[in-house]
Amino acid sequence: GGHAAGGVEGPAGENPAWLDEPLVAVPDTVPDALDALRGVVAAAKEWTGTVALFPRWAGDAGRSPLVSLTLAAEEPDAAAEVTPVVHLAGPLADPEVLAALAEAFGPGGSVGVVGHDTKELMRALLPLGVDITTLTMDTAVCAYLLDPSTDGYRLGDLAARYLGVTVDDGTGGKGQGVLLLDDSPGSGGADERLDEGIMSAVRLALVLARLRPQLSEALAGVAEDALYVDIEQPLVRVLARMEVVGIRVDRDVLSTIAAALADECGTLEATMHELAGGSFNVNSVPQLREVLYERLGLTPVRKTKTGFSTDARTLELLRGQHPIVDTLLRYREVEKLRSTYGESLAAEVGQDGRIHATFRQTVARTGRLSSDRPNLHNIPVRTEEGRRFREAFVPTAGRQLLVADYDQVELRAIAHLSGD
């Protein structure tokens, strides 16, 4: 399996032949997968030394099992009509196949990698023994540097903008493809059509295999090529390794803090019921409105479309009119800490006792990192209760945690630009 066969003749579409009529090997045994991999690596070494990798996931990228990995050798000739592609699914989990990937793309590997959001692929492969060290380009990071103001960097958008082709980077598009399998029972041979999911992955790998020259030129055009090569590209693997290692959390400290906050919430809620002369749902805006403005007769200061406001700004203005206001403000502060940090942090602690957050380098317009699941950037420091959450993060034995922050970085940047 995995040997080349001719393309299928079909009606001319809007996309070029290399995209609509690809040569695809879909090996279903380990020996065939190894043969196909060797073929792609050999082609890459003969051409530009680079392979495009496009993963598919069972769920969230980087956090769920890899369903497939599609490989396409980077095409040196923009006019070439056929680029061979390998789509690995079943054999992908085999140790021999993983070892072959590690040999090509890991330490000492001689084949470069082009990917889109490659960090997620690195995160998934690292625990399987594949440490991609040969990243040549991450097209999502390049797109972010070229325009940090947009919300997302879709491969389909880059394909349209830089290659003038249309691909479906979501559910998969209709198209032709030659499926290369062993001539074994049940195999459809070279005329079997690929299903849309595979076809979509194949097309996206083919797009990745042709984007690098255009994006390199675009980065050089805005003098961001050095920033990309020296800082952003090496950072991709650093972040992937950080995510895999995670940060250790003391569950006991976390649950003690969460329990104390829950107790305080209960006490504050009981106090408010007493002050209001009866029980009500503290988190219900209509009920709170009725208690504050009708039952207790506080003077409203702001009105919204649905009635008098009960937001934090309004409550601050109501301070002093009734003791319930101070209690309510304190309740909201404690409840936010309990739900946002007490619950969400505990929910993200893995079986290894560590939190494996996701770090994103293509979100903040300022160039800073952001993080989610959980957001490690907004663990509170201004209140005593907030600072207690930081005690739950503990270093591995023999290590220390270093806390670092920019010192007035915006002011320094402005002063540099203005010459003050």
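1. Helices α5 (residues 139-146) and α8 (residues 225-245) have axes that come within 11 Å and cross at roughly 135°, and they are therefore oblique to each other. Angles under 35 degrees count as roughly parallel, over 145 as roughly antiparallel, 65 to 115 as roughly perpendicular, and the rest as oblique. The crossing is right-handed. This is a predicted model, in which local features need pLDDT of at least 70 and side-chain atom pairs count only at pLDDT 80 or more, while totals for chains, interfaces and linings use all residues. Residues are numbered from 1 along each chain as its sequence is written, and side-chain values use heavy atoms, with hydrogens and water left out.

2. On the α5 side, V141, C142 and L145 meet L227, Y228, E232 and V236 of α8 (contact means heavy atoms within 4.5 Å). The residues of this contact divide into 6 nonpolar, no polar and 1 charged.

3. Helix α8 also holds R241. R241 counts as partly exposed, at 41% relative accessibility (buried is under 20% relative accessible area, exposed over 50%, partly exposed in between, with a 1.4 Å probe and protein chains only).

4. The model has 3 aromatic pairs, counted where ring centres of Phe, Tyr and Trp (its six-membered ring) lie within 6.5 Å. One of them, Y341 with F389, is tilted, at 5.8 Å centre to centre and 55° between the planes (under 30 degrees is stacked, over 60 edge-to-face, the rest tilted). Y341 lies in α12 (residues 323-347) and F389 in α13 (residues 384-390), so the pair ties together parts 48 residues apart in sequence. Both Y341 and F389 are buried.

Definitions and conventions: Axes are lines fitted to C-alpha atoms, for helices over the stretch in contact, and angles run from 0 to 180 degrees between N-to-C directions. Helices (H or I, at least four residues) and strands (E, at least two) are DSSP runs, numbered from the N terminus. A crossing is left-handed if the near helix is turned anticlockwise from the far one by less than a right angle, and right-handed if clockwise. Ala, Val, Leu, Ile, Met, Phe, Trp, Tyr, Cys and Pro count as nonpolar, Asp, Glu, Lys and Arg as charged, and the others, Gly among them, as polar.
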